[in-house]
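Please read these points with the coordinates open.

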Amino acid sequence: MQLTVNSLPDFQSETYKDAYSRINAIVIEGEQEAYDNYIQLAAMLPQQKDELIKLSKMENRHMKGFQACGKNLAVTPDMEFAKDFFGRLHSNFQAAAAADKIVTCLLIQSLIIECFAIAAYNIYIPVADDFARKITEGVVKDEYMHLNFGEEWLKANFDESKAELEEANRQNLPIVWKMLNEVERMLRFSPWKRKPLWKIL
Ligand SMILES: [Fe+2]
Ligand SMILES: [Fe+2]
């Protein structure tokens with residue numbers, strides 16, 4: 001979707017840097033979660049271990065790219081804020097992994113977190129500084145490439161996954177909905193003067 005952006009923010013202003021410290025932290029933490037989750041998934045799905053380890057390495061590269069974006073603007077990401085932001089999805093994934101609930105883990109990482117990331121990156125790209133835009137465009141290409149890992153697995157195992165999938169959806173969709181609304185609020189009251197998120201999605 002093509003977005004019209006009237007004016008870009010002043011990337012050096014203190015207001016921008018303050019807002020960016022939270023946005024940057026969210027994308028770093030999201031990639032860190034993805035990295036950790038794919039490593040745990042590799043242990044749960046030994047047959048697909050190599051592919052999952054490859055994905056974890058890709059997510060780790062994404063995280064480093066976003067850390068470079070913060071450094072480039074001399075912004076310190078507010079990691080405490082971001083850890084709290086992902087807290088509930090993080091605990092639900094950990095609880096599911098401890099109970100060997102592979103369907104719930106795949107739903108949280110491969111569908112919810114991946115789609116959240118793609119939505120957030122696409123919204124951010126038109127208002128990013130040059131350096132961050134190039135990095136984020138590269139990351140989005142990678143995310144589209146591997147998005148269907150969980151989709152394919154769940155499709156192939158649908159009958160036996162259905163009940164757990166419904167329960168996991170009930171638990172986790174309201175959480176990610178809240179996260180999206182929070183990002184929307186952050187963008188609306190930030191130096192990015194733009195349409196509310198719900199008008200774009
Ligand atoms: Fe990623
Ligand atoms: Fe990803």
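**Notes on the predicted model**

1. Phenylalanine 66 is buried, with 25 other C-beta atoms within 10 Å. The cut-offs: buried means 20 or more other C-beta atoms within 10 Å of the residue's own, exposed means 12 or fewer, and partly exposed is in between, with C-beta atoms placed from the backbone. Phenylalanine 66 sits in helix H2. Helices here are DSSP runs of H or I with at least four residues, strands are E runs of at least two, and both are numbered from the N terminus.

2. On provenance: this is a predicted model, where local features need pLDDT of at least 70, side-chain atom pairs count only at pLDDT 80 or more, and totals for chains, interfaces and linings use all residues. Residues are numbered from 1 along each chain as its sequence is written, while chains are lettered from A and ligands numbered from 1 in the order in which they are written.

3. What does phenylalanine 66 contact, leaving aside neighbours within four places in sequence? The partners are Asn24, Val27, Ile28, Glu31 and Ile135. A contact requires C-beta atoms, placed from the backbone, within 7 Å. Phenylalanine 66 and isoleucine 28 are 38 residues apart along the chain, yet their C-alpha atoms are separated by 5.9 Å.

4. Overall make-up. The protein has nine helices and zero strands. Of its 201 residues, 34% are buried. Among contacts with a separation of 6 or more, 75% join residues 24 or more positions apart.

5. The core. The largest nonpolar core holds 44 residues. Such a core is a set of buried Ala, Val, Leu, Ile, Met, Phe, Trp, Tyr and Cys residues joined through C-beta atoms within 7 Å. Cys105, Leu107, Ile108 and Ala120 have the most contacts inside this core. Two or more residues come from each of H1 (14-44), H2 (49-72), H3 (79-85), H4 (87-98), H5 (102-124), H6 (130-146) and H8 (158-188). H5 gives the most, with 13 residues. In soluble globular proteins, nonpolar side chains tend to be buried together.

6. Alanine 120 and valine 183. Beyond four places in sequence, alanine 120 is in contact with Val27 and Val183. Valine 183 belongs to helix H8. Valine 183 counts as buried because it has 20 C-beta neighbours inside 10 Å. From valine 183 to isoleucine 23 the C-alpha distance is 8.3 Å, across 160 residues of sequence.

7. H4 against H5. Their axes come within 8 Å and cross at roughly 145 degrees. Axes are lines fitted to C-alpha atoms, for helices over the stretch in contact, and angles run from 0 to 180 degrees between N-to-C directions. H4 contributes Leu89, Asn92, Phe93, Ala96 and Ala97. H5 contributes Thr104, Cys105, Ile108, Gln109, Ile112 and Ile113. The contact has eight nonpolar, three polar and no charged residues. In this scheme Ala, Val, Leu, Ile, Met, Phe, Trp, Tyr, Cys and Pro are nonpolar, Asp, Glu, Lys and Arg are charged, and the others, Gly among them, are polar.

8. H5 against H6. The angle is about 150 degrees, with the axes 10 Å apart. H5 is therefore roughly antiparallel to H6. Angles over 145 degrees count as roughly antiparallel, under 35 as roughly parallel, 65 to 115 as roughly perpendicular and the rest as oblique. Glu114, Ala117, Ile118, Tyr121, Asn122 and Tyr124 in H5 face Thr136, Val139, Val140 and Glu143 in H6 as contact partners. By class this contact has six nonpolar, two polar and two charged residues.

9. H5 against H7 (residues 148-156). These axes come within 8 Å and cross at roughly 150 degrees. H5 is therefore roughly antiparallel to H7. On the H5 side are Val103, Leu106, Gln109, Ser110 and Leu111; on the H7 side, Phe149, Gly150, Glu151, Trp153 and Leu154. The classes are six nonpolar, three polar and one charged.

10. Backbone checks. Most residues other than glycine have a negative phi, and most peptide bonds are trans. Alanine 74, in the loop between H2 and H3, has a positive phi near 55 degrees. Aspartate 100, in the loop between H4 and H5, has a positive phi of about 55 degrees. Alanine 74 counts as exposed, with 8 C-beta neighbours inside 10 Å. Aspartate 100 counts as exposed too, with 9.

Definitions and conventions:
Two residues are in contact if their C-beta atoms, placed from the backbone, lie within 7 Å.
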